[in-house]
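Here is a short briefing on one protein model. Look at the sequence and the structure first, then work through the points by topic.

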Amino acid sequence: MKTKAPHDLETAGTRERIVRTASRLMQRQGYEGTGIKQISREAGATLGSVYHFFPGGKQELGTAAVRLGDEEFTELLREFLDAEPDPAKALVALTASLAQGLRESDWLDGCPVTSTVVGTAAGAPGIQQAAAEAFARWRAVVAGKLVAAGFAEADAEDLAHTVIATLEGAELASQVARSETPLEAAGRHLARLIASYGGSVRT
């Protein structure tokens with residue numbers, strides 16, 4: 001998943017710079033593998049500034065990073081779903097874009113929400129809650145598109161669960177395999193699944 005490039009951070013405010021840096025590092029290294037000092041150094045901020053904005057320390061910062069990832073993927077989802085009337089075709093285009101972004105990042109930039117929350121949920125309830133809210137928001141965006149395309153609400157909600165779970169798994173599989181194939185195949189099969197309900201033009 002694409003995130004703001006490092007050179008874009010130069011014009012960001014201190015708090016935004018800290019959060020975006022934390023999100024990028026946790027996306028690539030995980031929550032446990034990312035330290036406050038590294039975030040401070042790469043964000044060009046003092047440790048004092050980090051704790052000024054995030055008095056709760058790493059957990060509070062991790063929660064903010066997850067919320068940023070939520071916002072960015074919500075925006076991406078809406079961009080692709082709004083650009084194409086047929087939700088099946090929109091998902092094919094979305095998975096192709098995710099695959100391209102992964103390849104361009106040398107397979108490092110997967111889902112920042114999943115990368116941050118895995119292994120932290122029990123000891124960091126704020127991060128777990130933020131991640132749960134992110135998945136719920138993404139499902140709502142997909143379900144809304146499907147309802148607008150003529151799907152029954154119950155079918156749209158079930159399909160939204162399948163879509164988001166499949167995208168998450170396929171993105172991880174593409175990272176591990178260093179290949180676009182899992183994401184591209186996921187897009188094609190999601191499109192066929194959606195088309196099978198009769199609410200979308202078959203691709």
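Between which two helices does the loop with Asp106 lie? Asp106 sits in the loop that runs between helix H5 (87-104) and helix H6 (112-117). Keep in mind that this is a predicted model.

- Most residues other than glycine have a negative phi.
- Asp106 is not a glycine, yet its phi is positive, near 60°.
- Asp106 has a relative accessible area of 41%, so it counts as partly exposed.
- Arg178 is not a glycine either, and its phi is positive at about 50°.
- Find Arg178 in the loop between H8 and helix H9 (181-196).
- The relative accessible area of Arg178 is 47%, which means that this residue is partly exposed.

**A charged patch on the surface**

- Which residues gather in a patch of negative charge? They are Glu153, Asp155, Glu157 and Asp158, and the patch is on the surface.
- Asp158 belongs to helix H8, which covers residues 153-177.
- Is Asp158 buried or partly exposed? Asp158 is partly exposed, because its relative accessible area is 49% and the exposed class begins over 50%.

**Buried residues in helices**

- Leu68 is part of helix H4, which spans residues 57-83.
- Why does Leu68 count as buried? Its relative accessibility is 10%, and buried means under 20%.
- Leu68 and Leu108 are 40 residues apart along the chain, and 18 Å separates their C-alpha atoms.
- Lys145 is a residue of helix H7, made of residues 125-148.
- Lys145 has a relative accessible area of 16%, so Lys145 is buried.
- How far apart in space are Lys145 and Arg78? The distance is 8.9 Å from C-alpha to C-alpha, while the two residues are 67 apart in sequence.

**An annotated region**

- The unreviewed UniProt entry carries the annotation "DNA-binding region" for residues 35-54.
- In the model, this span of residues 35-54 is 75% helix and 0% strand.

Terms used. Residues numbered from 1 in each chain as written. Predicted model: local features only at pLDDT ≥ 70, side-chain atom pairs only at ≥ 80, totals over all residues. Heavy atoms only, no water. Patch = residues over 30% accessible without salt bridge, like charges linked within 9 Å, V, L, I, M, F, W, Y side chains within 5 Å. Areas by Shrake-Rupley, 256 points an atom, 1.4 Å probe, with all protein chains shown as cover. Salt bridge = Lys/Arg side-chain N within 4 Å of Asp/Glu carboxyl O. Lys, Arg positive; Asp, Glu negative; His and termini not counted. Charge placed at Lys NZ, Arg CZ, Asp CG, Glu CD. Helix = DSSP H or I, 4+ residues; strand = E, 2+ residues; numbered from the N terminus. Buried < 20%, exposed > 50% of the residue type's maximum accessible area, 1.4 Å probe, protein only. UniProt positions renumbered as here; feature names shortened; annotations may be inferred.
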